[in-house]
There are 2 protein chains.
Amino acid sequence: MISSIAELISDRIGTMPAGERRAAQTLIASYPMIGLKTVAEFSAAAGVSSPTILRFVSRLGFQNYPEFQSSLQDELAAQLQSPATRTLNPPSPGGGTASPMLEATLDNMRETFKHLSDKQLADIASRLADRRGKTFLIGGRFTDPLARYMAAHLAVIQSDVFHLAGQESMWRDRLIDMGKRDVLVIFDIRRYQDSLVRFAEKAHQRGVQIVLFTDQWLSPIARFARYVIAGRTAVPSAWD
Amino acid sequence: MISSIAELISDRIGTMPAGERRAAQTLIASYPMIGLKTVAEFSAAAGVSSPTILRFVSRLGFQNYPEFQSSLQDELAAQLQSPATRTLNPPSPGGGTASPMLEATLDNMRETFKHLSDKQLADIASRLADRRGKTFLIGGRFTDPLARYMAAHLAVIQSDVFHLAGQESMWRDRLIDMGKRDVLVIFDIRRYQDSLVRFAEKAHQRGVQIVLFTDQWLSPIARFARYVIAGRTAVPSAWD
DNA sequence: GGAGCGCTGTATCGTATGTTACGTATTTTG
DNA sequence: CAAAATACGTAACATACGATACAGCGCTCC
């Protein structure tokens, strides 16, 4: 079975004419970076002409050059988004019984914080600590407990912390309490809920500052959010 | 010092207008793949117009969009050529970008799972999946949302899942429903609550199987628990 | 409440990019 | 050795991509 373009190339490189073979070798040599550049650069690097590059990708089975580039990008994305596969190959560092699930979770956390600067966190923290405004928290079907959890902790250090629970109609009534000085913390992950999006939009129209916790695919609420915290969530599991 | 474009973005994201901030967040969320695609695709993914994307890369200091893409590609190439540094650097003790808090948290998780065999987890999982009995979940003041969270997920794969909330007196009434085939999941961390201990003892007397999630100092409920999961919780923080 | 500023989207333009046609060179076969 | 077929590059073409000018809008500050 052929899973990557690199395998596809080394599989067919034997049947290629000289010029296309040079293209293939150039691509393999610095895989896959050259393939992401333009045809002109690719051809210059391989020392052949542009049409030869085009014939090369055509022989690999691609309809046109952009389609070839998209495949390379998808391959790269798959590699980057699951660093766990690379961590799995060498024996686990601690020597203990490291499960794939645990390693994936640790990697997820590292990735999440990698894309989160201290400054952003400090900004959000100071915004939440601002005593002049009220703080509202809300979550989706599964994430509502997270909102509740955070609300319990926030309530310790300041008053005016409200967790919005129950029916959608009950949230609406709280909208009239919200203003520009207030902060709305929303948890919305994976199966994004329409009701939450609508609520976020209404709050946004009232000038409420929205802090959104979501996953790497970004809930549509990100449109209205002042701050977005995107966490990596994928783990090797049969759960959806 | 700013070495990557991601850092550059998180450094200036605070000074950006709303539209460009959406672009920045979209790029960070699936870094850096979106940036390698066309302006049109980028703008569509971020929900803004093409010029906003161009203004965004311009604000980052790039002369034009292709120059921005080249920088991303160079960054990617550097990452790919030294895959070791990618996964090995973050855990390094002197790591510059890694916050002490994050490292402590990751260490906590590793320690927690180190003392937790696969067999124990499998036992608990099969016990929870046992359809013959009911499952009850309860937590303390701060940990109750965790119980709620777990209940929401368990409820997906089986019925007869009950989260015990509200007043202590209300839990008592549910005791008569519990028997030897049932499982009670308790979260009790740090300031162990007397009410929870009493409840656990009564449940234990009725033959209920107790699964306890606690910290490394072990809640007194561990006396009655069939399974105990002790997690490391200490992080460097001013929080008690 | 009014005036000014800054942000954002629509529409247009120029151009760089991928694509194709054709002629020449090189190799292969009878 | 000759003839044909395949491969490669040059050059012209069309598409779509990035860039820019402009107008509408909301926001802030006076």
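Predicted model: local features only at pLDDT ≥ 70, side-chain atom pairs only at ≥ 80, totals over all residues.
Q: How many residues surround DNA strand C, and which are the closest?
A: DNA strand C is surrounded by 18 residues, and the closest are Val39(A), Asn64(A), Tyr65(A), Pro17(B) and Gly19(B).

Q: Which helices supply at least two residues each there?
A: From chain A, helix 4 (39–46), helix 5 (50–59) and helix 6 (65–81) each do, and from chain B, helix 2 (18–29) and helix 5 (50–59).

Q: How do the residues of that surface divide?
A: The surface near DNA strand C has 10 nonpolar residues, seven polar and one charged.

Q: Switching to chain B: at what angle do helix 2 and helix 5 pack?
A: At about 80 degrees, with the axes of the two helices 9 Å apart. Angles of 65 to 115 degrees count as roughly perpendicular, so helix 2 of chain B is roughly perpendicular to helix 5 of chain B.

Q: Which residues meet?
A: Helix 2 of chain B brings Gly19(B), Glu20(B), Ala23(B) and Ala24(B), which meet Thr52(B), Ile53(B), Arg55(B), Phe56(B) and Arg59(B) of helix 5 of chain B. By class, that contact has four nonpolar, two polar and three charged residues.

Q: And how many residues are in contact between chain A and chain B?
A: 36 residues of chain A are in contact with 38 of chain B.

Q: Which element gives the largest share on the chain A side?
A: Helix 10 of chain A, with six residues. Other elements of chain A that supply at least two residues include helix 8 (100–114), helix 9 (118–129) and strand 5 (227–231).

Q: What about classes on that side?
A: The side of chain A that touches chain B has 17 nonpolar, 11 polar and eight charged residues.

Terms used: Residues numbered from 1 in each chain as written. Chains lettered and ligands numbered in written order. Near = placed C-beta within 6 Å. Helix = DSSP H or I, 4+ residues; strand = E, 2+ residues; numbered from the N terminus. Nonpolar A, V, L, I, M, F, W, Y, C, P; charged D, E, K, R; others polar. Axes fitted to C-alpha atoms, helices over the stretch in contact; angles between N-to-C directions. Parallel < 35°, antiparallel > 145°, perpendicular 65-115°, else oblique. Contact = placed C-beta atoms within 7 Å.
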